[in-house]
Amino acid sequence: MNLQALKHICLKNAELVDPVAHTRQSADIIIKNGIIQEIGKIDSSFSGESVDCSGQVISPGLVDMHVHLREPGREDEETVETGCAAAMAGGFTAVLPMPNTDPPCDNQQVVRFLKQKAEKELVDVYPVGAITKGRKGIEMAEIADLYQAGAVAFSDDGSTSSNSLVMRYALEYASMYNAPIIDHCEDHKLANQGHMNEGVMSTRLGITGIPNAAESVIIARDIELVRLTGSALHVAHLSTAEGVELVRRAKQEGLPVTCEVAPHHLLFTDQDLTGFDPNLKMNPPLRTPKDMDALMQGIADGTVDVFASDHAPHSLEEKQVEFEAAPFGIIGLQSMLSVILKTVVESGALSLEQALEKMCVTPRKLLNLPVPQIKTGEPANLSIFNPKAKTVLRKQDIKSLSHNSPYIDMELSGKVYGVCNKGLMYINK
Amino acid sequence: MPVSISHLLGLEDVSAQDIGTILDTAETFKEVLERPIPKVPTLRGTTVLNLFYEPSTRTRISFELAEKRLTADTINFSKATSSVSKGEVLRDTIRNIEAMKIDMIVVRHSAAGVPLFLTQCSDAAVINAGDGKHEHPTQALLDMLSLRQKFGSLKGLKVAIVGDILHSRVAGSNIHGLLTMGAEVMLCGPKTLIPPHIHDLGVSVSYQIDQALEWADAVNVLRIQLERQKSGLFPSIREYHAQIRRDAPPYRTTEKEITIMHPGPINRGVELDSDVADSDASIILYQVTNGVAVRMAVLYLLANPEGKVE
Ligand SMILES: [Zn+2]
């Protein structure tokens with residue numbers, strides 16, 4: 001692996017982008033034993049190794065707060081190790097694995113197992129605990145225990161509790177630990193075992209659709225529960241125009257509601273499904289161009305707080321089947337930065353700093369995690385990438401155990417050079 | 001005249017010219033069917049695989065008969081799918097097809113998109129015999145042939161499709177085909193059985209059967225799956241019967257005689273009463289005969305992409 005210890009190294013001629021202060025400067029960074037020793041111009045007396053970073057942007061390490069690492073239970077699809085490899089290659093120094101594993105992350109043992117597995121990784125792994133036992137939506141999981149073992153947020157991702165009282169209690173209980181509830185907002189009955197967005201496309205293709213209301217009715221319910229409890233709620237993978245509007249209004253009221261958008265909802269719509277490609281089957285489904293516009297509007301006006309990939313590995317055997325039999329989800333760690341650069345930054349909806357803020361600062365703030373800074377004396381937790389380069393994601397470059405990606409062989413924007421964290425540096429070869 | 005398509009996956013993207021060619025060719029095969037020995041050597045040496053993942057006696061027999069009338073070699077594969085293993089089964093089957101060097105595949109499957117999937121992994125010409133709720137193009141072609149025979153032309157014809165549109169691939173293909181050929185289409189049924197956003201396809205919708213009957217020249221009455229009631233889509237069979245089925249008087253007392261069609265098999269007394277189904281206005285049995293002719297035409301045209309006739 002392309003890992004090396006950050007003993008004494010100089011990252012030269014990079015453009016440092018600080019999404020907290022929204023500043024940019026050209027400088028060299030000298031790192032000694034994993035700590036930023038100096039920022040400025042390289043000294044002639046510098047004796048360590050130097051890496052030319054011309055054309056590269058260096059930002060504080062990016063975090064993907066919505067991934068599936070499949071361990072424990074589906075180690076054929078992804079493991080903590082391979083998921084972290086994909087994260088590094090994608091420019092991330094931290095990930096939040098969702099609890100829908102087998103067994104689910106609804107007890108201390110699974111949290112400890114994940115933490116222990118991640119110890120040797122460059123990537124920080126912050127487990128998300130389940131809201132309810134077995135993610136069944138019926139009884140609250142041991143939230144305090146999970147938190148004390150290292151869970152930083154709670155979610156039943158993959159499903160939603162239809163029991164509003166359970167959700168109320170969970171919001172209240174988790175708020176004692178300042179941990180947000182991340183809700184996968186879907187009314188499963190209304191979703192009616194659909195496979196794609198409900199609209200003219202689902203009618204044309206003869207596939208059962210999932211209406212926008214399956215998402216927005218739960219977001220509306222959850223916002224009412226936030227109003228009742230005052231606890232923090234984060235809406236996962238927001239996909240509908242109605243959902244954006246609900247979150248926007250909740251924010252205007254000052255309620256502690258945040259949300260994330262996944263890159264694939266900014267690049268594809270249900271119009272792309274004419275070929276029944278199972279790699280375009282996700283949940284929430286690809287919506288209409290109108291929804292995509294609403295998401296972009298929400299990104300531009302600050303309603304959308306976070307970009308998260310919803311990295312969901314599935315084996316070839318599971319995905320290479322007829323559309324209706326295929327599971328939901330695509331891998332996204334290695335393509336996320338590129339897709340965000342392409343859809344959000346190149347379109348001018350956000351500046352590079354603003355886009356990085358949604359992948360670095362805001363997620364950590366809402367999770368109450370320390371935000372890495374590029375400052376003398378701070379640990380080097382950095383992402384290095386060239387935002388101007390064009391890349392094509394090749395199948396052989398995928399670090400995940402699964403290859404279920406619609407981006408394979410597509411030209412995308414930006415190229416990740418590497419990441420630094422925990423006294424280690426990784427360089428994409 | 002050749003057709004520009006190499007597979008028949010649906011009617012959505014098939015041109016009026018190709019549909020016209022298929023219907024004209026079907027007319028000539030209809031004559032073949034009326035001969036004392038209704039068999040031609042047109043597809044001798046061509047191997048057709050009938051791949052039926054979903055039980056369908058009528059469509060399967062109609063295709064098999066069409067293949068035999070054309071002297072094709074046929075292989076029949078039918079398997080009811082369990083929802084868990086269907087992906088596995090399909091992939092393995094495709095591998096086998098590849099190894100067997102099949103010329104044409106007639107496929108019926110409960111999942112939309114399977115015929116397209118087959119074209120991506122096999123060189124054979126693929127004919128969709130019904131995929132999920134998506135399309136059933138040969139059924140729509142035989143419906144159109146029957147209407148063309150009765151009315152002379154499809155242009156300007158007013159066709160109402162009545163019943164469970166939501167779950168109907170027959171409706172899907174009929175809508176595309178009829179609109180392409182210049183007919184007008186109205187859908188009629190309980191709102192819960194009409195797919196959302198279907199107006200965008202260029203059809204009109206009515207929830208009142210009387211309104212549809214008043215408007216229509218012909219009515220294609222769809223079969224209602226009795227289990228739909230259990231999934232809550234309408235309150236009772238009794239009510240459906242009372243609202244949608246029309247017994248003889250309303251059909252007859254309208255100013256004009258309305259032509260009755262049904263893709264079969266009929267739930268007699270549910271979506272259609274016997275005296276209507278068997279009346280002079282009904283062309284249901286012509287549809288069955290036309291089914292064989294249309295399938296012969298499709299097989300013939302797709303097996304002869306250059307349009308060479310022996
Ligand atoms: Zn989810």
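A: Val95(A) stands opposite Val125(A), a residue of strand β9 (residues 124-125) of chain A. Val95(A) belongs to strand β8(A), where it also stands opposite Asp64(A). This is a predicted model: local features need pLDDT of at least 70 and side-chain atom pairs count only at pLDDT 80 or more, while totals for chains, interfaces and linings use all residues. Residues are numbered from 1 along each chain as its sequence is written, chains are lettered from A and ligands numbered from 1 in the order in which they are written, and side-chain values use heavy atoms, without hydrogens and water.

Strands (E, at least two residues) and helices (H or I, at least four) are DSSP runs, numbered from the N terminus. Two strands pair if DSSP finds at least two bridges between them. β8(A) and β9(A) pair in the parallel sense over two bridges. Strand β7 (residues 62-67) of chain A also pairs with β8(A) in the parallel sense, over four bridges.

How many of the six residues of β8(A) are buried? Six of the six are, so strand β8 (residues 92-97) is largely enclosed by the rest of the structure. Buried means under 20% relative accessible area, exposed over 50%, and partly exposed in between (1.4 Å probe, protein chains only).

Now to another part of chain A. Asp183(A) sits in strand β12 (residues 181-183). Its relative accessible area is 1%, so Asp183(A) is buried. Asp222(A), in helix α7 (residues 213-229), has 0% relative accessibility and therefore counts as buried too. Contact means heavy atoms within 4.5 Å. Beyond four places in sequence, Asp183(A) contacts residues including Asp222(A), Met167(A) and Leu233(A). Likewise, Asp222(A) touches Met167(A), Asp183(A), Cys185(A) and Leu233(A).

Met167(A) is one of the buried residues of helix α4(A), along with Val166(A), Ala170(A), Leu171(A) and Ala174(A). They cover an arc of only 135° around the axis, which puts them on the same side of α4(A). That arc is taken from the directions from the helix axis to the C-beta atoms. Their cover includes β12, α7 and β15 (233-235) of chain A.
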